[in-house]
Amino acid sequence: MRILEMTGISKSYDGNRVLNEVDFSVEKGEIHALLGENGAGKSTLLNILAGVVPGDGGTVHFDGVPYPRPSIGEMEKAGVAFVHQELNVVNDLTVSENIFFNHELTNSFGLLRRKEMIAETRALFQRLGVDIDPTRKVRELKTSQKQLLEICRALHARATLMILDEPTTALGNDEIEHLFTILRQLKSEGSSFIFVSHKIPEVFQIADSYTVLRNGELVRSGILAEATPFSITSDMVGEQYADEDVYRARELGPVVLELDRVTSTAFRDVSLTVRQGEIVALTGLAGSGASELMQAMFGAVPIHGGEIRAHGSRASGSIHAFMRRGIGMLPTNRKENSVVPDRTVLENQYIAEHNLSAGHQWIHTKVELEKYEKLKDALNIRTQGPDAAITSLSGGNQQKVFLARWLNTDADILLLDNPTQGVDVGAKEEIYALILELATSGKTVVINTLEIPEIQKVSDRCVVLYDGEVVAVLDHDQINEHDVMGLSTNAVNAARGA
Amino acid sequence: MEEKTRNKFWRPVQSLWREHSYIFVFVVILIVYVITIEANGKTFTSGHLSSILSSQNTVVVGTMAIGMALVIITGQIDLSIGSALVLCSGVTVVVFNLTDNILLTVLAALASGLVLGAVNGVLVAYAKIPPFIVTLGTMLIYRSLALWAVREIPSSVSGSSSSQFAMESGTRSYEWLRMGFGTGSLRIAGFAIPYVSILFLLCVALFVVIAGNTKYGKVVYAVGSNDKAARLAGVNVQRIQASVFMMTGLLVGVASLIQACKVGNITPASSGRSYEMYAIAAVVLGGIAMAGGRGNMAGVLFGALSYSAIDFIIVSIPALSADIQDTFQGLVLILVILVQTAGPELRERFGSRRRRPRADAGSAAPASTSG
């Protein structure tokens with residue numbers, strides 16, 4: 001019997017179609033994996049199901065009842081619970097208060113019946129084999145315990161279909177095993193789950209059936225027993241489409257950046273050498289340590305072992321010290337880490353340079369404007385002028401200003417963390433061309449990205465991380481979507497193990 | 001055609017209003033002041049302006065407000081400046097009484113201010129205690145230290161009774177300090193400009209230049225606007241956060257010199273009470289955003305002048321007692337901020353209704369919008 005049936009679901013944002021007539025159904029008492037690359041439309045589909053965003057077309061039937069315009073409250077009442085990746089627990093309340101949040105038991109004076117709530121929580125935990133003290137503050141719990149708490153809260157609210165959005169990214173192996181045991185038990189009791197994960201091995205471990213989305217379309221749906229990690233990865237990446245090729249092989253210079261057994265909390269024993277003019281891509285899923293590795297190369301996160309050398313001399317200490325060695329980093333999450341929102345384009349471009357030349361405090365506006373014009377032309381930045389607010393620029397143009405921020409300091413090792421995040425397609429192509437141009441002119445580029453076509457397009461080598469370790473270094477000719485996806489989801493090992 | 005000429009006149013006014021609204025605030029308050037004076041049957045003269053410019057609220061509070069503006073631009077707050085003012089003035093008076101030396105007295109004022117500011121800065125930036133808490137603590141500490149010291153120090157050194165620090169009069173350096181940092185004024189072409197006003201204006205000018213034309217100034221704004229982005233661009237955020245408290249300390253030192261020399265004595269129990277709040281008010285009237293990252297240092301000048309002018313208005317209305325002064329200052333403060341925050345919202349609500357048909361007309365005939 002089907003507990004959920006979604007048919008012909010479509011959704012567009014600003015004329016951009018993200019879901020196209022997608023059918024999706026879940027049987028009662030199964031764990032159904034929803035798979036797809038970033039931007040395939042998984043989140044949108046689930047958000048429509050949970051009533052977070054309205055769909056443009058299609059029908060939703062849950063437990064045999066049609067929901068023409070699902071709202072959050074309606075779907076919650078019907079028994080759909082969304083366990084988000086960023087956990088929605090109230091840190092300052094106790095465990096039992098979280099379980100009963102918004103439907104607390106009260107007496108006739110409106111006071112809480114605390115003892116009963118704690119007892120009921122304890123009984124629920126006992127039934128599920130969850131070992132958490134109901135009276136503890138949620139703040140003191142581990143991430144895995146918070147995850148379990150959210151699932152328990154959903155169960156307590158009588159949810160029959162739970163959406164688990166990448167529930168294992170923050171968990172260790174034992175914790176994952178514990179979670180899976182509980183999921184299996186709940187499944188046998190009749191609960192259903194939609195399981196979103198990028199880790200193919202665990203999908204095979206826990207799920208019964210699967211659905212793959214790609215570019216907003218349904219690609220395949222079936223039972224996992226009839227699929228292989230290879231077939232699923234192929235479904236996810238699809239036919240290789242080769243659009244305009246900007247890559248050119250280039251003459252490389254001497255080694256300029258060396259990592260020697262670098263270790264931090266997020267990665268271990270990473271060694272890497274990068275030559276002048278080279279473009280090296282780092283890739284890995286959330287939790288793989290790729291982003292942290294890049295930040296460590298800029299001094300933004302501390303390392304606990306090993307050594308980073310730039311131009312032969314050791315780099316350590318503050319960000320400023322790394323900048324002095326000619327390193328610049330374009331951070332991920334532009335709005336949070338790059339934009340200085342109250343300031344102008346010119347000031348945003350100059351902030352890093354001002355730090356390096358702080359010995360001369362006086363600002364020579366004329367000199368700055370000349371350099372601004374030069375970089376503006378070189379990077380083709382479209383603005384209303386140097387005094388325009390940085391926030392008046394489009395995402396792609398902002399990103400170019402922040403690239404200019406480092407070109408302005410004459411940094412020759414550029415670290416780009418997710419450089420095309422939130423940038424539209426046209427601007428993306430421009431940024432790829434720019435990266436290659438910079439490398440040709442002698443700059444060394446390390447980019448961290450999850451988008452495999454991007455890696456294929458620009459990089460000479462690709463370093464794949466999984467769970468804090470380098471699992472492969474691929475040369476340009478070896479980089480293909482299927483292998484990189486397989487390595488970064490560890491599907492390769494899963495296939496070998498099976 | 002008509003629209004074009006109208007735009008030519010209004011555009012600069014509009015942009016002036018948007019970016020320098022504090023000038024309008026001051027002009028409006030000044031006009032009210034002129035009206036109250038005329039209503040009392042007197043005439044408004046340059047003497048009135050010069051007394052606003054040299055009043056306690058302008059020179060003492062205004063000088064400290066410059067530092068407060070820097071602190072607020074970095075997204076922090078300093079509640080200790082009123083207490084620091086008393087303690088610094090006490091140190092200044094004591095050093096003067098002991099040495100009778102102008103240079104040492106001035107240095108003592110500046111150095112004590114710098115030390116008190118540095119205590120705040122280090123606790124906030126390096127011990128990572130919220131600035132509100134740190135400066136609330138030092139606000140209590142600095143004043144009580146002054147109260148304690150004035151009782152403990154022998155009257156031959158404190159210069160007065162057990163409740164006041166007073167400068168020993170009679171010497172030439174006493175006269176010089178009282179004139180230079182207190183009551184004296186420069187006469188140019190018939191106008192008398194008090195020295196303290198010149199000192200205040202110089203401080204404003206200095207910090208307008210620092211904020212607008214130096215790399216340090218740009219970084220101060222960046223830290224207040226997005227400290228994460230500033231850090232990832234290589235800014236030593238902690239050092240900047242500490243430095244603005246030290247700048248404030250120096251300016252408190254300047255203010256304490258004026259405070260001591262203007263009157264000749266200082267009473268720890270009552271002097272400088274609530275000055276931190278007056279300074280915040282001057283900063284806000286000066287159009288500097290409490291959230292940090294935005295505002296013009298020149299605004300502090302107009303903010304301080306506006307705040308003093310309100311004082312003068314109330315004093316010039318015989319029906320009002322001085323006790324009601326703070327009520328009016330509070331009301332004006334809220335009103336000004338209300339206009340600034342509600343203004344754009346109202347414009348959006350009513351402006352969009354008007355603008356929509358015009359946008360359609362523009363797209364039909366795009367040539368008319370160019371040129």
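User: Is strand 19 of chain A mostly buried or exposed?

Analyst: Buried: of the six residues in strand 19 of chain A (residues 461–466), five are buried, so the rest of the structure largely encloses it. Buried here means 20 or more other C-beta atoms within 10 Å of the residue's own, against 12 or fewer for exposed and partly exposed in between, with C-beta atoms placed from the backbone. Strands are DSSP runs of E with at least two residues, helices are runs of H or I with at least four, and both are numbered from the N terminus.

User: Good. Before we go on, what kind of model is this, and how is it numbered?

Analyst: It is a predicted model, in which local features need pLDDT of at least 70 and side-chain atom pairs count only at pLDDT 80 or more, while totals for chains, interfaces and linings use all residues. Residues are numbered from 1 along each chain as its sequence is written, and chains are lettered from A and ligands numbered from 1 in the order in which they are written.

User: Back to the strand, then. Which strands does strand 19 of chain A pair with?

Analyst: Strand 13 of chain A (residues 279–283) runs parallel to strand 19 of chain A, joined by four bridges. Strand 20 of chain A (residues 469–475) pairs with strand 19 of chain A in the antiparallel sense, over six bridges. Pairing needs at least two DSSP bridges between the strands.

User: Which residues face each other there?

Analyst: T283(A) is opposite V464(A) of strand 19 of chain A, and Y466(A) is opposite E469(A) of strand 20 of chain A.

User: And what about the turn in that hairpin?

Analyst: Two residues lie between strand 19 and strand 20 of chain A, and D467(A) has a positive phi near 55° in this hairpin.

User: Zooming out, how is chain A built overall?

Analyst: Chain A has 18 helices and 20 strands. Its radius of gyration is 25 Å, close to the 23 Å from the globule rule for 498 residues, so chain A is as compact as a globular protein of that length. That radius is taken over C-alpha atoms, and the rule is 2.2 Å times the number of residues to the power 0.38.

User: What domains does chain A have?

Analyst: Domain 1 covers 2–237 and domain 2 covers 255–479 of chain A, with bounds from an automatic or database domain assignment. Their centres, over C-alpha atoms, are 36 Å apart. Four residues of domain 1 of chain A contact four of domain 2 of chain A, where contact means C-beta atoms, placed from the backbone, within 7 Å.

User: Now chain B. How confident is the predictor there?

Analyst: The mean pLDDT of chain B is 87, and 91% of the residues score at least 70; pLDDT is the predictor's confidence in each residue, from 0 to 100. Helix 6 of chain B (residues 102–125) has the highest confidence at 97, while helix 16 of chain B (residues 325–364) has the lowest, a mean of 64.

User: How many residues from each chain make the contact?

Analyst: Chain A gives 25 residues and chain B gives 21 residues. Helix 12 of chain A supplies the largest share of chain A's side, six residues. The residues on that side of chain A are 14 nonpolar, six polar and five charged. Nonpolar covers Ala, Val, Leu, Ile, Met, Phe, Trp, Tyr, Cys and Pro, charged covers Asp, Glu, Lys and Arg, and the others, Gly among them, are polar.

User: What scores does the complex get?

Analyst: The predictor gives the complex an ipTM of 0.82 and a pTM of 0.78.

Note on methods: Two residues are in contact if their C-beta atoms, placed from the backbone, lie within 7 Å.
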